[in-house]
Each structure stands twice: as C-alpha cells, then as structure tokens.
Amino acid sequence: MKNQIKINKIINPFKKKIYVPGDKSISIRCILLASIATGKSEIFNLLKSEDVLNAVNAVKKIGVNCIKKKNSFEVYGVGINGFHIKKNTTINAGNSGTLARCLLGLCSGIDKEIKIIGDKSLSKRDFLRVIKPLNLFGTKVVSKNGMMPLKIVGSDLLRPINYIENKGSAQIKTCIILSAINTNGITNIKAKKSRNHTELILKNFNYPINIKKNKKYDLIKIRGLSQFNSFNYNVPGDISSAAFFIALTILSNNSNLLIKDVNINPSRTGIIKILKKMNAIIKISNRRNYKGEITGDIYIESSNNLKSINCDPKYNSEAIDEFLLIFLIAAKANGISKFRNLGELNKKESPRLDLSIKFLKMIGIKVYRNQDNIKIFGNPNLKLNNKYHIKNFLKDHRIFMMSIIAALTLGGKWTVDDKDSINTSFPEFLTIIKKLGAKFS
Ligand code: S3P
C-alpha cells in the first residue's frame with residue numbers, strides 16, 4: 001500500500017545536527033493576528049503544513065489577501081472589524097482544532113453567517129468549550145451538541161465578559177482573547193496556565209493587554225477595538241516536532257543530536273522538564289529572546305539509565321502534545337511511572353489516552369488505568385520481535401510519528417498506516433528521519 005511505512009530494523013547510532021520547521025501554534029496565530037492588523041505583515045519560516053495552509057485559506061475567505069513569497073508569507077491585514085464576507089461562506093478548518101476554535105473568536109464580530117466545517121477527526125471534537133464564552137459575548141453559534149458543522153453569526157455590538165478558563169486550554173483562551181479584541185470595553189480572563197503565544201505576540205505589538213501571573217492561573221485584562229499595526233515575524237522551530245527526535249535519540253544506542261533554533265517558551269517545555277526528571281540527558285544552549293519568545297538549541301544523548309516518574313499534573317498543559325512520546329519513554333524506564341488528570345488527551349485529534357494504552361499493551365507493557373490516571377510499568381530491557389500493524393487511529397499525525405519512533409528503537413517488524421497524516425503538522429518528518437539514517441520503505 002502506498003500510504004504505509006514499513007520498518008524492520010532499528011536505527012544505527014547517529015551524531016547529527018538538525019533544524020525543525022516553524023512552530024504550528026505560532027504560525028496559526030501569526031496568520032490570524034496579521035489578518036486584523038492594519039497593513040502588510042510579513043511572516044518568515046511559517047510552517048508549511050495543512051493546518052497552517054488552512055489558516056491562510058480561512059482568512060482569504062473572509063476577505064484578507066495573502067501572498068506566498070519565496071521566503072515568507074505576506075498578509076494584508078484589514079484591521080479590526082474590516083472583514084468582507086460573501087454570502088454562504090464556508091470555511092474548512094481541516095484537521096485543526098486550534099484553527100477552528102481560534103477562528104470562531106476571530107469571526108465573533110462579523111454579523112453575517114459563516115459555516116465552519118472540518119475533517120472526520122475534527123467533526124468528532126467538542127466546541128461547547130468555546131461556544132459558551134462566545135455566547136456570553138453575544139455571538140451566536142449554531143451546532144448539534146457542540147459539534148461540527150458550526151454556523152457562527154457574530155455581532156458588531158459585543159459585550160465584554162469575565163470568564164474563568166479552567167481546562168488549561170490555550171485554544172479556549174485564544175478564542176476568548178480574539179473575541180475580546182472585537183469587543184468594546186475590557187474583558188477579564190482568569191486562565192489556568194497554558195501556552196501563552198497569543199499574549200506574547202499581542203504584548204509585542206503594544207496591544208492593551210495586561211497579564212498578572214499567579215501560581216496556577218494568569219489574570220488577563222484585554223481592551224477591545226484597539227487597532228494595531230502590521231508586523232514582521234520569524235517563526236521559531238516547533239518543540240512539538242523536535243520532541244520526536246528528542247525521544248528517538250534518548251531511545252537509540254550511542255547517539256547524540258543537536259536541534260537548532262527551537263522555541264523553548266516555558267509554557268511548552270514540559271517534555272524537557274519531565275524527561276530530565278527521568279534521567280534523560282538534555283542540555284539547552286544559545287538561549288535568546290525573540291519578541292518575548294525564548295529560543296535555543298537542544299542537545300540530547302542516548303540514555304540507558306531511564307527511571308520512572310510520578311508526574312506532577314502541573315506539567316500536563318506544557319506537555320499536552322508530547323504525552324504519547326513520554327509514555328513510550330516511560331515504557332523503557334526502570335519502575336512504575338504515574339500520570340494523572342489526563343482527560344484532555346482524549347479530546348485531541350484522536351482519543352490519545354485510550355489509544356496510548358492500547359499501544360503500550362500491544363508492545364507488552366503493563367498499564368493500569370483509573371479514570372484519567374495511568375500507571376505504566378516500565379521495562380528497561382524491552383526488545384520487540386513480533387509484527388505490529390498500526391491502523392485505525394483517525395489519521396492522528398502524532399500517533400503515526402510516535403509509532404515510527406517506536407519502530408526505529410524497539411525492534412520488531414512494523415507497518416504504520418496513514419503516512420499522509422504528517423502533512424497536518426510536519427510534512428518533513430520522514431525526510432529528517434531518513435537524514436538521521438533510518439531505513440524504511
Ligand atoms: C494548541 C493548544 C493545545 C494543543 C494544540 C495546539 C494551540 O490544545 O494540544 O495542539 O495552538 O493553542 P488545548 O489548548 O486545547 O489544550
């Protein structure tokens with residue numbers, strides 16, 4: 001089959017330096033925010049994946065001109081409340097929950113109906129989490145049980161809200177911030193800690209947003225209807241893409257890897273903090289501040305001395321997209337690893353908590369689950385000889401890539417379906433894996 005990868009051999013030791021493509025969260029935010037800036041913004045190193053290209057197509061549909069240049073994307077922002085919508089506009093958010101949820105906030109001030117649809121995986125995901133605050137602003141969203149297709153009818157007379165976001169979801173937070181920008185007056189959000197790229201970008205424009213940091217929550221005050229100028233932005237490398245190579249190196253023999261120019265915003269580095277506690281050798285150098293984001297180079301070495309972790313749920317949001325890999329490493333660690341309150345994992349592109357447990361059991365690892373908490377009984381001598389076929393995972397890109405890392409480090413004969421799933425977040429994944437010496441067909 002064309003869309004399958006077969007791996008029969010673990011990767012040979014490697015010592016390499018690589019770059020990963022631009023951060024997906026920041027790429028999507030740059031496109032959406034540039035669409036409401038005034039004038040031409042230029043975005044460099046934008047991730048060229050389906051999720052981001054769907055963001056480009058989405059803003060085009062609401063009247064924003066975007067032009068792909070050799071090294072950048074130009075976005076001709078129309079200012080707040082400047083969108084032009086044709087009758088019967090339908091926007092396809094594809095696979096991206098981030099795009100669909102943030103787009104609802106961006107469009108909350110448009111008083112014409114827009115239909116938002118997505119692929120099979122996105123059509124199973126919950127939108128009530130953003131419909132609730134949007135309704136409070138005065139935006140109408142029609143859906144069936146909070147699921148796609150969605151019809152949004154905004155208003156140019158929204159009212160500011162006070163809202164408590166307690167899932168630790170940056171998508172919900174960003175949706176509310178974008179809607180607050182469309183609203184006259186001051187919106188207050190008490191938001192459980194989550195990635196803060198939207199706030200950092202807005203702060204960098206001198207947008208009137210104020211953030212008070214408490215231990216578990218950020219108190220965000222944002223004034224609406226403040227026009228801001230276009231901007232230039234150079235998107236740093238995506239730590240969620242780097243994570244696959246961090247795991248590959250840790251689980252390989254006698255290897256080391258330097259990943260250059262990665263975004264190491266503390267709200268995204270849960271994987272590094274967790275893996276270091278598990279004895280992984282990870283070093284960060286060349287730290288720099290870029291428009292409020294921190295970037296750096298990540299150096300990793302193979303490890304044969306991994307230990308289990310009792311993982312503090314305070315890392316859950318910071319590592320939310322990396323748990324598939326963290327579980328894989330826990331499978332090779334000495335001892336029983338414990339993870340708690342991971343219900344949000346089942347709300348992703350696929351039910352990742354359920355599927356991880358299935359995966360770990362398939363490779364012979366004992367897993368104990370109690371509601372949203374799991375215990376993984378690690379086996380440092382784990383070596384596989386059987387045949388494994390990874391299929392029916394709702395084309396979840398991160399399950400595909402995690403399975404490739406497992407196949408390249410644990411042994412056995414693997415067939416992994418739905419290779420094209422990587423196009424949503426990381427089209428260059430297999431090219432980089434090949435560069436590191438992996439053999440696959
Ligand atoms: C994202 C936030 C996270 C993450 C997703 C990207 C973002 O989702 O899982 O891949 O760009 O805001 P939640 O905010 O729903 O946890």
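Which helices each supply at least two residues of the shell around the ligand? They are helix H1 (24–36) and helix H5 (170–181). Helices here are DSSP runs (H or I, at least four residues), as are strands (E, at least two), and both are numbered from the N terminus. The model is predicted, so local features need pLDDT of at least 70 and side-chain atom pairs count only at pLDDT 80 or more, while totals for chains, interfaces and linings use all residues. Residues are numbered from 1 along each chain as its sequence is written, and side-chain values use heavy atoms, with hydrogens and water left out.

The ligand sits in the largest pocket. A pocket is an open set of points on a 1 Å grid over the protein atoms alone, with protein on both sides within 12 Å along at least five of seven lines. A molecule sits in one if more than half of its atoms lie within 2 Å of its grid points.

Around the ligand are Ser 25, Arg 29, Thr 98, Ser 169, Ala 170, Gln 171, Arg 195, Ile 320, Asp 321 and Lys 348. Each has a heavy atom within 4 Å of the ligand. Four of the shell residues are polar, four are charged and two are nonpolar. Domain 1 (4–22 + 236–435) and domain 2 (24–234) each give at least three residues to the shell. The domain bounds come from an automatic or database domain assignment.

Polar contacts are pairs of N or O atoms within 3.5 Å. A polar side-chain atom of Ser 25 lies 2.6 Å from a ligand oxygen. For the side chain of Lys 348, an N or O atom is 2.7 Å from an oxygen atom of the ligand. For Ser 169, the corresponding value is 3.0 Å. Taken alone, the ligand exposes 390 Å², and the protein buries 95% of that. Accessible areas come from the Shrake-Rupley method with a 1.4 Å probe.

Two backbone features lie in strands. The peptide bond from Met 148 to Pro 149 is cis, with omega near 0 degrees. Pro 149 belongs to strand E9 (residues 147–153). Asn 286, a residue other than glycine, has a positive phi near 60 degrees. Strand E16 (residues 281–290) contains Asn 286.

Terms used. A polar contact is a pair of N or O atoms within 3.5 Å; within protein, one must be able to donate a hydrogen and the other to accept it, and residues adjacent in sequence count only if both atoms are side-chain atoms. On a 1 Å grid over the protein atoms alone, a cavity is a set of points where a 1.4 Å probe fits but cannot get out, and a pocket is an open set with protein on both sides within 12 Å along at least five of seven lines; lining residues have an atom within 4 Å of a point. Ala, Val, Leu, Ile, Met, Phe, Trp, Tyr, Cys and Pro count as nonpolar, Asp, Glu, Lys and Arg as charged, and the others, Gly among them, as polar.
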